[in-house]
Amino acid sequence: MVGAGLLLFVLLYSFGKTIPPKQPATEAKQEQHTEHQSIKFEEILAKAKEKISPAQNQRLLKLENSVIRGDVKEQQLHVYHQLARFWKDSARMFEPYAYYTAEAAKLENSEKSLTFAAHLFLDNLMTEGQPAMQNWLASNAKVLLEKALVLNPANDSSRIGIGACYLFGNISDNPMEGILAVREIAQKDPGNIYAQMVLGMGGKRSGQFDKAIERFSIVVQKQPDNLEAIFNLAECYEAKGDKANAVKWYETVKTLVKIPEAQKELDKRITELKK
């Protein structure tokens, strides 16, 4: 999740603010109806195939046929790894890469492979804006993390990851299913950065900025250079109208980020807040 934060930060300064504008009631109502939209991998794969060359499609077809013919677990595992590498290295498309990495992890059934695959989906879930894709990413991550918990029920990170799926993945009408588990872990271990970040992001998303600030502040106390937490602090203060603290934390971000374009955007935002 923290690794995805830097990507989120770069994207932010390319495309604008991360705090969404308040929606009219009609828009909010429409969003509720689309909240649990889902998409099938077959649809994702079909669109991905349209973007690759005929030669790549031929190579891909051979690999896909190998999966069908492979009646031995080791053969299927090998082909899934090949498919994952194809989509990552040759086609450079994330969704099929993550899917086949997950299929290989399920066959391998080790905690390491399952959690690695799960966090591919989770990291992208944090930056995904489309409800149907959020659902797809979260659903896949949740399955993998549940399998990992069977192997190691004591893994708090997997439980937090499942909580994040409920919070950000549009997979349930009751996101509290996830937040309660994460909150329990944070109460037991206040120093758990992952738990504090997920709770902070959940508070920010729901407009509970004071609660989000409390969580992000805990992270910054323990990790003074945590760019994602500091940036979210600044945005939460800005959202609640506390311009002085927003400026303070944006200026802290500016001391940490080395991207000239981002620094320029930060200067603009700081100037606007000081007016």
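W136 is buried in this predicted model, with a relative accessible area of 5%. Leaving aside neighbours within four places in sequence, W136 is in contact with I39, F41, I44, E95, Y99 and F121. W136 is also one of the residues with the most contacts inside the largest nonpolar core.

**Nonpolar core**
- The largest nonpolar core holds 85 residues.
- W87, Y100 and W136 have the most contacts inside this core.
- Helix α8, which covers residues 131-151, gives the most to the core, with 10 residues.

**Aromatic pairs**
- Over the whole structure, 8 aromatic pairs are found.
- One of the pairs joins F41 and W136: the ring centres are 6.4 Å apart and the planes are at 10°, so the pair counts as stacked.
- F41 lies in helix α3 (residues 41-49) and W136 lies in helix α8, so this pair ties together parts that are 95 residues apart in sequence.
- F41 counts as buried because its relative accessibility is 7%, and the cut-off for buried is under 20%.
- F86 and W87 form an edge-to-face pair, because their planes are at 85°. The centres of these two rings are 5.2 Å apart.
- F86 is buried at 1% relative accessibility, and W87 is buried with a relative accessible area of 0%.
- A pair of aromatic rings is described by two values, the distance of the centres and the angle of the planes.

**Aromatic cluster**
- One aromatic cluster is formed by F41, Y80, Y99, Y100, F121 and W136.
- Y100, another member of the cluster, is among the residues with the most contacts inside the largest core.

**Second largest pocket**
- The second largest pocket contains about 250 Å³ of space.
- Its lining is made of 13 residues, and I44, K47, K51, E95 and M133 lie nearest the centre of the pocket.
- Helices α3, α6 (94-108) and α8 each give two or more residues to this lining.

**Cysteines**
- A disulfide is a covalent bond between the sulfur atoms of two cysteines.
- The count of disulfides in this model is 0.
- C165 is buried, with a relative accessible area of 0%.
- C236 is likewise buried, with a relative accessible area of 0%.

Terms used: Residues numbered from 1 in each chain as written. Predicted model: local features only at pLDDT ≥ 70, side-chain atom pairs only at ≥ 80, totals over all residues. Heavy atoms only, no water. Core = buried A, V, L, I, M, F, W, Y, C linked by side-chain atoms within 4.5 Å. Buried < 20%, exposed > 50% of the residue type's maximum accessible area, 1.4 Å probe, protein only. Helix = DSSP H or I, 4+ residues; strand = E, 2+ residues; numbered from the N terminus. Contact = heavy atoms within 4.5 Å. Disulfide = S-S within 2.5 Å. Phe/Tyr/Trp six-rings, centres within 6.5 Å; stacked < 30°, edge-to-face > 60°. 1 Å grid on protein atoms, 1.4 Å probe; cavity = no way out; pocket = protein on both sides within 12 Å on 5 of 7 lines; lining within 4 Å. Points joined across faces, edges and corners; volume = space filled by probe spheres on them.
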